[in-house]
Amino acid sequence: MRKEDEFGFEKVIEVYDQKTGMQGVCVIHNTARGPGKGGIRMEPDVTVEEVMGLARAMTWKNAMADLPFGGAKSGIKADPKKMTPEQKEAHMRAFARKIREVIPGEYIAGPDMNTTEKEMSQFADEVGTPKACTGKPSSEGGLPHELGSTGFGVAICTRVAVKHMGKDLHGMTVAIEGFGNVGTFAMKFLEQWGAKVVAVSDSKGTIYSKDGLKYADLMKIKSEKGTVTAAKGEKLDAAKLFELPVDILIPGARPDVINKGNVANVKAKILSEAANLPAKYDVEQVLMKKGVVVLPDFVANAGGVISSYCETMGWKADAMFKVVEEKISANTKIMLERTKDNDTRKAAMDIAKERVRDAMVMRGWLAK
Ligand code: NAD
């Protein structure tokens, strides 16, 4: 159901292209802090309601990351598995043409499910400016995901939280779900800073070693054998990872992995949410009541959107890593200082809403 409030939605643009049959939607939730920023997903069953929810979430994520961006998101209703590369390109170009008038003043695109740097290159080409989107190939000034901005940000957020708790990351034990883009870089940096990663999972299961796993070994084994479970250690079910006796738990693959069924068995003291929505709010609250420090997804995994901002500024990788570190450190600290009753998500949401409200007041969209 649509739920308009003082923040938005500003525009819901549904488009259809007769020639290609492309059907899409671009939702601009709030632009008080800057152009709405959010990726384009391509899925056969994407709905306007789903894209609206994601656009609203981007408003809070970008505001909490303290970026000059509002919130937006797009969806193209199509099945990329059933399309030729030419058909996929035709859909992207048709979508770009149909929403061109809001770009880049009100909307800046980026990749999301089933869209990559290739589609971003086509999108920018069709609109006629590299400012149309981020996530472009590095040959066009893009800062690719492969640099590891999100995993790096997760590691920074975790390090700041550990310090805030008056503890030392050195020797703390860590379990990481997923060894993809986010999980690998989170492991790399936490290991560099002295943490002991004892468990890592992928779709084949969990590998657990009390003595600690090594990033370089897991990278080698994953590329040779296709799974981290081939590494030396105890092989467990993928789901077992969430119940291990570790200090820091990093869900970094799928949604809802910590739920009513297993939350009572979580033993970690810090939950660093690298994936989107690894636990629903009511489940997070169970952990918060037990004293677990929850680092909410939109705070911990904001490295990707911060990198997108750096791309719009034309900055290179070195500058990007500095900005990710500064912004995630500052925002994590502000959140932890503002937290009452251990409810970090509420503190972060309050900060994000305040920032958006202040920008709206400044523009005269809201009375003080
Ligand atoms: P990815 O595709 O690179 O990696 C996903 C990993 O999860 C793979 O190693 C895969 O083997 C593993 N996996 C799949 N099923 C699993 C299972 N049942 N148990 C354990 N592991 C399993 O994806 P990614 O880019 O690393 O993204 C991971 C999560 O982080 C997603 O929720 C994504 O939305 C979120 N996220 C990613 C970014 C980014 O910049 N990449 C930014 C923000 C949020």
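**Exercise 1. Which helix gives the most to the lining of the largest cavity?**

Before you start, note that this is a predicted model, where local features need pLDDT of at least 70, side-chain atom pairs count only at pLDDT 80 or more, and totals for chains, interfaces and linings use all residues. Residues are numbered from 1 along each chain as its sequence is written, and side-chain values use heavy atoms, with hydrogens and water left out.

*Solution.* 
- Step 1: On a 1 Å grid over the protein atoms alone, a cavity is a set of points where a 1.4 Å probe fits but cannot get out; a pocket is an open set with protein on both sides within 12 Å along at least five of seven lines; lining residues have an atom within 4 Å of a point. Grid points are joined across faces, edges and corners, and a volume is the space filled by probe spheres set on the points.
- Step 2: count. There is one cavity of 30 Å³ or more, and the largest cavity has a volume of about 40 Å³.
- Step 3: list the lining. You'll find Met64, Ala65, Val299, Ala302, Ile306, Lys327, Ile328, Asn331 and Thr332 there.
- Step 4: pick the helix. α10 (residues 317-338) gives the most, with four residues. Helices (H or I, at least four residues) and strands (E, at least two) are DSSP runs, numbered from the N terminus.
- Step 5: The lining splits into six nonpolar, two polar and one charged. Here Ala, Val, Leu, Ile, Met, Phe, Trp, Tyr, Cys and Pro count as nonpolar, Asp, Glu, Lys and Arg as charged, and the others, Gly among them, as polar.

**Exercise 2. Work out how the buried residues of α7 are arranged and what covers them.**

*Solution.* 
- Step 1: find them. In α7 (residues 281-289), Val283, Glu284, Leu287 and Met288 are buried. Buried means under 20% relative accessible area, exposed over 50%, partly exposed in between (1.4 Å probe, protein chains only).
- Step 2: look down the axis. The buried residues of α7 fall within an arc of 145°, so they line one face of the helix. That arc is taken from the directions from the helix axis to the C-beta atoms.
- Step 3: recall the geometry. An α-helix has 3.6 residues a turn, so residues three or four places apart point the same way.
- Step 4: check what follows. After α7 comes glycine 291, with a positive phi near 95°.

**Exercise 3. Is valine 51 buried or exposed, and what does valine 51 touch?**

*Solution.* 
- Step 1: check accessibility. With a relative accessible area of 0%, valine 51 is buried.
- Step 2: collect contacts (heavy atoms within 4.5 Å). Leaving aside residues up to four places away in sequence, valine 51 touches Val25, Val27, Val46, Lys73, Ser74 and Gly75.
- Step 3: Alanine 72 is 21 residues from valine 51 along the chain, and their C-alpha atoms are separated by 8.5 Å.
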